[in-house]
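Dear colleague,

My notes on it follow directly after.

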Amino acid sequence: MTDLSFTLGTELESGPGRHGRTGTIHTPHGDIRTPAFIPVATKATVKTLTPEQIRQTGAQAILSNAYHLYLQPGADIVDEAGGVGRFENWSGPTYTDSGGFQVMSQGSGWQKTISMDVAEANAKGHLPAKKNMAKVDEDGVNFTSFIDGSRHRFTPEVSMQIQHQLGADILFAFDELTTLMDNRSYQEESVERTHRWAARCLDEHDRLTHERADKPLQSLWGVVQGANYEDLRRQATRGLVALSDTAVEQGRRGFGGFGIGGALEKENLGTIVGWVCDELPKDKPRHLLGISEPDDMFTAIEAGADTFDCVAPTRLARRGGVYTLDGRMNLEGARFKRDFRGIDEEFGGYVSENYSRAYLRHLFKANEFLGMTLCTIHNLSFMITLVDNIRDSIDGGYFEEYRAEFMGRYYAGQQK
């Protein structure tokens, strides 16, 4: 039995914290050429799009959420359907995240964002327990369903069981996602707990792989936490690599790749990804959870991220926000009432070639769902094409030139 594999392509010229490269992730449902942007299909759907429309954007894979699919319709139903890909009529590779984000968002991160100014951090760490819908202990986390208020419990083993039933090609180990509101002491405890949970995930993943040997092979990726602390990030990374190596030495399955998650400040993004990639083996892919702005993509890719996901392009689109080569703009603005140009005629694509800014503004003002669909197609096409172009620039040896050209224009013309 062999794990899913990764083929290394072209590497950027090395330097401190600089690990950018191209490559290919091989899965039972197809290859993913990296770097790659992975659209988010939280509940087994990219909001407002059909699978055929997702394919039209150039997406190579999509990512769904184990927590949401566990609550509705239930992982057993998805398993009976043949896995999340078949359930939603998506024939390409799939990812599922572990539910760790919901631990943060309902618990210590209640009403908070992951990225924030450290100066705003609350020295006491967590909010009062009465405001938390999730409570973490050594064994796992108890949480309340946002749908009906029912009580549930996730442990590393439960997360693995759910994700195996969902049948995605790439799974993530169950982790505790902290925020910058958590103090140093709690970050240390959380990194150690996430390490122990990762070991349990590896054990359960190996057991389930043999138990479900009739199913397509799945790859489990460890998740690196540690917030903005270099020592904790490096400690967490080394610990996960050691866990994986030990598992393989014992004849069990190790991590097929690694996720980089948790709290970080935008200005430290590249530095933190660089710390982690300093410690990771070259022959394993790396996924950065939750980035979307073009400058973040260039930064993360240069530092070593291979794939990444974010809901921002689709969420922005549902509010009338779109990306162009000259920056972002919101089509609900009055200046677009009689603007019969496409969103970005130079960028092109299906939406820009067939629908005017004036028409799209009309759809949003009339509360017609088609506006959200068309802007979502455009935004995903824009982001996926951007990352495809970055990949080509690495292979072609002109990464720095392409970044300077794109960034100079995009941010010079940034529209609100």
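Phe-101 lies in helix H5; helices here are DSSP runs of H or I with at least four residues, strands are runs of E with at least two, and both are numbered from the N terminus. At 38% relative accessibility, Phe-101 counts as partly exposed, a class that falls between buried (under 20% relative accessible area) and exposed (over 50%), using a 1.4 Å probe and protein chains only.

This is a predicted model, in which local features need pLDDT of at least 70 and side-chain atom pairs count only at pLDDT 80 or more, while totals for chains, interfaces and linings use all residues. Residues are numbered from 1 along each chain as its sequence is written, and side-chain values use heavy atoms, with hydrogens and water left out.

An unreviewed UniProt entry lists a "binding site" whose residues include Ser-98, Phe-101 and Asp-175; UniProt positions follow the numbering used here, feature names are shortened, and annotations may be inferred rather than shown by experiment. Ser-98 is placed in the loop between strand S6 (94-97) and helix H5 (100-106). Ser-98 counts as buried because its relative accessibility is 3%. Among the residues that Ser-98 touches, leaving aside those up to four places away in sequence, are Phe-154, Phe-172 and Asp-175; contact means heavy atoms within 4.5 Å.

In helix H8, the buried residues include Leu-232, Leu-240 and Leu-243. Helix H7 (184-211) and strand S12 (257-260) are among the elements that cover the buried residues of H8. Just after H8, Gly-251 adopts a positive phi of about 85°.

Yours sincerely
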